[in-house]
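Visitor: I would like to learn how to read a pocket and the ligand in it. Could you show me the structure and walk me through it?

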Amino acid sequence: MERWVGSVAIVTGASSGIGEGIARELVKNGLIVVGLARRIDRLNNLKEQLKNESGIFYPLKCDMTKEEEILASFDWIKNNVGNINLLVNNAGFGRLTTLSGGKTSDWKDMFDCNVMGLSIATREAVKNMTEKNIPGLIIHINSIYGHFVPTTCAETENMYIATKYCVTALAETLRLELAKSKSSIRVSSISPGVVATEFVEAGGFSDVEDLYNQVPPLKPLDIANAVLYLLSTPPNVNITELTIRPTGEIL
Ligand SMILES: NC(=O)c1ccc[n+]([C@@H]2O[C@H](COP(=O)([O-])OP(=O)(O)OC[C@H]3O[C@@H](n4cnc5c(N)ncnc54)[C@H](OP(=O)(O)O)[C@@H]3O)[C@@H](O)[C@H]2O)c1
């Protein structure tokens with residue numbers, strides 16, 4: 001971890017849940033973290049909570065569905081914080097939809113954030129890392145649903161699942177693109193099972209109590225620890241996929 005102290009990290013969706021947990025642990029470990037999200041009050045609150053840690057937290061308001069806001073955020077970071085060593089593409093959400101009757105706007109919103117926002121941020125980070133010859137790391141927060149279609153909720157989580165399948169493909173295609181250009185940038189996907197965050201309620205998915213009673217969910221800290229593990233690996237090791245489930249999960 002020592003070599004990451006003072007490095008610049010961007011965490012998208014740092015205002016709650018997994019992103020907040022990752023931002024917290026990175027700052028505690030001495031990184032300079034820029035947290036992006038729409039709820040700036042939450043980010044400011046997190047900054048206050050982290051003020052005595054060894055790293056620094058910068059809150060930055062950014063809607064990941066809007067390209068101009070993502071580009072402006074990356075410009076601001078390069079001009080005011082520094083070159084990027086680590087990008088954690090975490091911002092994402094799901095909404096209940098059907099394919100036979102769902103709203104186009106719901107489908108588009110999910111793709112704009114979970115796929116396009118992630119891709120635009122990745123492009124900007126890779127550009128900066130390549131230009132400055134930084135052996136950086138890009139981490140996509142994927143999902144177990146990026147790897148299989150669950151029969152229990154396929155009929156209502158279809159488009160969310162599709163966005164996460166995209167993330168699986170985009171992680172591997174980027175890895176190959178970088179490998180073929182002899183880049184030292186690494187790409188990792190972390191695919192969690194159920195984590196206790198605002199995700200389930202925000203998306204109007206299944207009853208939270210019910211879901212969490214089936215098996216105790218993971219905590220954001222469990223995922224943050226996986227990020228620290230990825231950072232602890234040497235530059236010649238590229239962990240491409242980490243699937244993390246709560247013990248006993250049946251999904
Ligand atoms: N919780 C789970 O069981 C679980 C399992 C597997 C994968 N995941 C993945 O983990 C990631 C984080 O989710 P979470 O569980 O931590 O949920 P969460 O607590 O609801 O957090 C979602 C984060 O994404 C941000 N976000 C959503 N839309 C955004 C937008 N348009 N622009 C910028 N930020 C946006 C939110 O910030 P603002 O609303 O402030 O903008 C928030 O910080 C997602 O990619 C999700 O798919 C979650």
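**Reading the pocket and its ligand**

Guide: The largest pocket has a volume of about 1200 Å³, a volume being the space filled by probe spheres set on grid points joined across faces, edges and corners. This is a predicted model, where local features need pLDDT of at least 70 and side-chain atom pairs pLDDT 80 or more, while totals for chains, interfaces and linings use all residues. Residues are numbered from 1 along each chain as its sequence is written, and side-chain values use heavy atoms, leaving out hydrogens and water.

Visitor: Which residues that line the largest pocket are the closest to its centre?

Guide: First the idea: rolling a probe the size of a water molecule over the atoms shows where empty space is left. On a 1 Å grid over the protein atoms alone, a pocket is an open set of points where a 1.4 Å probe fits, with protein on both sides within 12 Å along at least five of seven lines; lining residues have an atom within 4 Å of a point. Here 50 residues line the largest pocket, and G92, F93, G94, F199 and V200 are the closest to its centre.

Visitor: Where does the ligand sit?

Guide: A molecule sits in a pocket if more than half of its atoms lie within 2 Å of the pocket's grid points. By that test, the ligand sits in the largest pocket.

Visitor: How many residues surround the ligand?

Guide: Count residues with a heavy atom within 4 Å. The ligand has 30 around it, and S15, R38, M64, Y160 and T197 are the closest.

Visitor: What is 2.6 Å from an oxygen atom of the ligand?

Guide: An N or O atom in the side chain of Y160; a polar contact is a pair of N or O atoms within 3.5 Å.

Notes. A polar contact is a pair of N or O atoms within 3.5 Å; within protein, one must be able to donate a hydrogen and the other to accept it, and residues adjacent in sequence count only if both atoms are side-chain atoms.
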